[in-house]
Amino acid sequence: MNDEVDVLIVGAGFGGMYMLHKVRELGLSAQVFEAGDGVGGTWYWNRYPGARCDVESLEYSYSFDAELQQEWKWSERYTSQPEILEYANHVADRFDLRRDIEFSTRVEHTHWNEATNRWGVSTDTGRTCSAQFVVMATGCLSSANVPDFPGIDDFAGEVYHTGRWPHEGVDFAGKRVGVIGTGSSGIQSIPVIAEQCADLTVFQRTPNYSIPAHNGSIDSQYEAEVKADYAEFRDENRQMNGGFGARSGFHDEPSIGYAEEERRARFEQQWQRGGFAFMRAFNDLMIDDTSNATARAFVRDKIAAVVDDPETAALLTPVPTQVIGCKRICLDTYYFETYNHDHVHLVDVSTAPIETFTPTGLRTGGVEYDFDCVVLATGFDAMTGTLTRIDIRGVDDEALTDAWSAGPVNYLGLQVPGFPNLFTITGPGSPSVLTNMIVAIEHHVEWISDCIEHLAATGLSTISAAPDAAATWVDHVNDVADMTLMPTCNSWYLGANIPGKTRVFMPLIGFPPYAEKCTEVAQAGYEGFILA
Ligand code: FAD
Ligand code: NAP
């Protein structure tokens with residue numbers, strides 16, 4: 001137990017684990033508090049059937065240790081949650097991380113002490129700790145969104161949220177199951193739950209575009225090619241807008257000028273590759289609505305070709321104006337095909353919302369549905385929700401919730417003005433959720449550790465984002481988003497999934513220019529930060 005440390009890290013997902021490793025490399029002391037009873041973060045909590053990554057495993061993994069990436073073998077192209085969790089545990093063991101992690105410990109208060117220039121941290125277990133630096137590795141998608149459905153406590157069956165899945169698993173055999181939500185978690189879990197249960201009803205508010213993952217065993221020849229020069233592979237990916245997919249057939253040309261037939265052939269080729277490769281068919285799909293419309297028309301046709309019942313197909317198909325890629329694209333394995341089974345039903349709740357849970361199920365549109373269990377695939381209070389659930393207070397006892405009352409203000413997604421020495425890993429204002437997040441995490445961890453090293457080397461004790469730099473940065477993040485089609489729908493990137501949440505586009509689009517900017521800032525003596 002460390003009561004006084006140089007660096008206090010909150011969270012032991014991929015962000016917190018690597019941060020701990022880097023802090024130790026600096027020769028500094030560290031303490032990690034983690035609410036769960038194991039490492040892995042997202043992959044510790046999201047154990048729902050069908051959970052797997054949607055960035056290929058050879059990319060969705062740490063790059064910081066050459067031996068680790070050579071030795072670890074993924075079994076599938078898009079590996080399943082249990083294997084990713086096994087990987088996280090392997091990393092924890094390999095780098096002896098557990099001795100500085102206190103599990104089952106949730107940080108509740110984090111207060112800046114201006115007299116000592118240190119943070120005081122306290123937890124739900126009564127632990128207190130003082131630290132010069134605090135790193136919030138709390139995750140962008142780690143606070144479940146459980147909608148305030150009336151009567152939910154009166155329901156006699158079981159209710160599960162995908163992001164808080166029971167460790168012992170759920171036995172769906174012979175059961176009548178309801179699933180609410182058709183985002184990535186719903187689309188991954190629905191086909192698997194359908195295989196296991198007696199009867200499944202899906203409640204859909206907004207249909208989503210989904211692309212087949214074409215998952216399967218890892219291609220050993222491709223794996224060998226990647227591993228032959230893994231560093232080069234990682235570098236190529238870091239040059240991509242989202243930090244991944246460099247070898248997935250990216251076509252760096254606009255779709256304009258392509259004849260309809262050629263364009264469709266190109267889409268088909270990328271469709272067959274599977275996953276996000278589809279959106280790399282042309283380079284203007286997210287900036288030109290006409291171009292985007294050709295992509296979405298292609299996907300609409302695919303849905304119509306797969307789903308047997310025309311009425312169900314129509315319900316599953318996004319409206320023609322719904323931009324593909326505006327909400328995060330889903331990757332699936334037989335999602336649309338699942339609706340061809342007689343025991344799978346689709347209920348549209350876009351016009352008649354779920355009115356109430358009842359003791360035996362739920363009611364919508366005046367119709368009662370009876371279930372043994374209901375799965376909430378209703379997402380997360382993304383990017384800010386986990387941070388604002390902690391009582392974080394900076395200079396003059398200012399609460400983070402007040403500082404962010406009009407939306408998150410965060411310079412480079414790394415620091416909030418008025419909260420010295422507190423860093424956010426993949427915070428709002430950084431590319432984070434629009435990237436392969438392990439690329440974004442590694443970048444932030446390395447930047448933060450370089451920054452701490454710089455302060456130590458120059459005899460400085462605090463660093464704090466300058467208010468004007470942060471305000472300009474927030475405008476920049478929104479200006480970049482406004483150049484694209486990303487703000488055109490009610491996505492969680494905008495906070496639109498949480499009633500009452502301020503709508504502002506939170507992640508920054510474009511990893512490579514962002515990484516360059518962070519390097520320039522550091523080289524210019526941490527321009528935009530106040531060092532003291
Ligand atoms: P997390 O993994 O969320 O870890 C944060 C940790 O902080 C959690 O363990 C949490 O318990 C802990 N914590 C939070 N608050 C406190 C507190 N107050 N006190 C103590 N501990 C606290 N990204 C991709 O790039 N590719 C993918 O394929 C992909 N798939 C995903 C699938 C799912 C189902 C979900 C939900 C997300 C997915 N993501 C994916 C995003 C994923 O969140 C990141 O890739 C990555 O795992 C985040 O790591 P992290 O360490 O930043 O946060
Ligand atoms: P999500 O994308 O926010 O989807 C939530 C779903 O629940 C949406 O369909 C939403 O409808 C619906 N919903 C929410 N509240 C509702 C209500 N009151 N009534 C009816 N429906 C309601 O959440 P998610 O699927 O958990 O995914 C979140 C993110 O996590 C993803 O975008 C992705 O970044 C990550 N993730 C990745 C993977 C992967 O493939 N590797 C898997 C899971 C998650 P509306 O659309 O109408 O709001």
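A polar contact is a pair of N or O atoms within 3.5 Å. The views below show a predicted model.

**View 1**
A polar side-chain atom of Thr42 sits 2.7 Å from an oxygen atom of ligand 1. The side chain of Trp45 also reaches a ligand 1 oxygen, with an N or O atom 3.0 Å away. Gly15 uses its backbone instead: an N or O atom there lies 2.8 Å from an oxygen of ligand 1. On its own, ligand 1 exposes 980 Å², and the protein buries 96% of that area.

**View 1. The shell of ligand 1.**
The shell holds 34 residues. Glu34, Thr42, Asp54, Tyr60 and Met437 come nearest to ligand 1. By class, 17 residues of this shell are nonpolar, 14 are polar and three are charged. Helices α1 (14–25), α2 (42–45) and α14 (437–458) each supply at least two shell residues. Helix α2 gives the largest share, three residues.

**View 2. Polar contacts around ligand 2.**
Ser185 places a polar side-chain atom 2.7 Å from an oxygen atom of ligand 2. An N or O atom in the side chain of Arg328 is 3.2 Å from an oxygen of ligand 2. Asp54 contributes through its backbone: a polar atom there is 3.2 Å from a nitrogen atom of ligand 2.

Which residues are closest to ligand 2? They are Arg52, Ser185, Arg205, Thr206 and Lys327, from a shell of 23 residues. The shell divides into nine nonpolar, nine polar and five charged residues. Helix α5 (residues 184–196) provides the largest share, three residues.

**View 3. Thr294 and its contacts.**
Thr294 lies in helix α9 (residues 289–306). Leaving aside residues up to four places away in sequence, Thr294 touches Arg263 and Phe267. Gln322 is 28 residues from Thr294 along the chain. The C-alpha atoms of Thr294 and Gln322 are separated by 12 Å.

**View 4. The hairpin of β13 and β14.**
Strands β13 (residues 354–357) and β14 (residues 361–364) run antiparallel. Three bridges join them. Ile354 has Thr364 in β14 as its bridge partner. How many residues link the two strands in the hairpin? The hairpin passes from β13 to β14 through three residues.

**View 5. The hairpin of β14 and β15.**
Strand β14 also pairs with strand β15 (residues 367–370). The pairing is antiparallel and spans four bridges. Arg363 finds its bridge partner, Glu368, in β15. Two residues lie between the strands of this hairpin. Here Gly365 takes a positive phi near 60°. In a regular strand, side chains alternate between the two faces of the sheet.

Key. Residues numbered from 1 in each chain as written. Chains lettered and ligands numbered in written order. Predicted model: local features only at pLDDT ≥ 70, side-chain atom pairs only at ≥ 80, totals over all residues. Heavy atoms only, no water. Near = heavy atom within 4 Å. Polar contact = N/O pair within 3.5 Å; in protein donor to acceptor, adjacent residues only side chain to side chain. Nonpolar A, V, L, I, M, F, W, Y, C, P; charged D, E, K, R; others polar. Areas by Shrake-Rupley, 256 points an atom, 1.4 Å probe, with all protein chains shown as cover. Contact = heavy atoms within 4.5 Å. Pairing = 2+ DSSP bridges.
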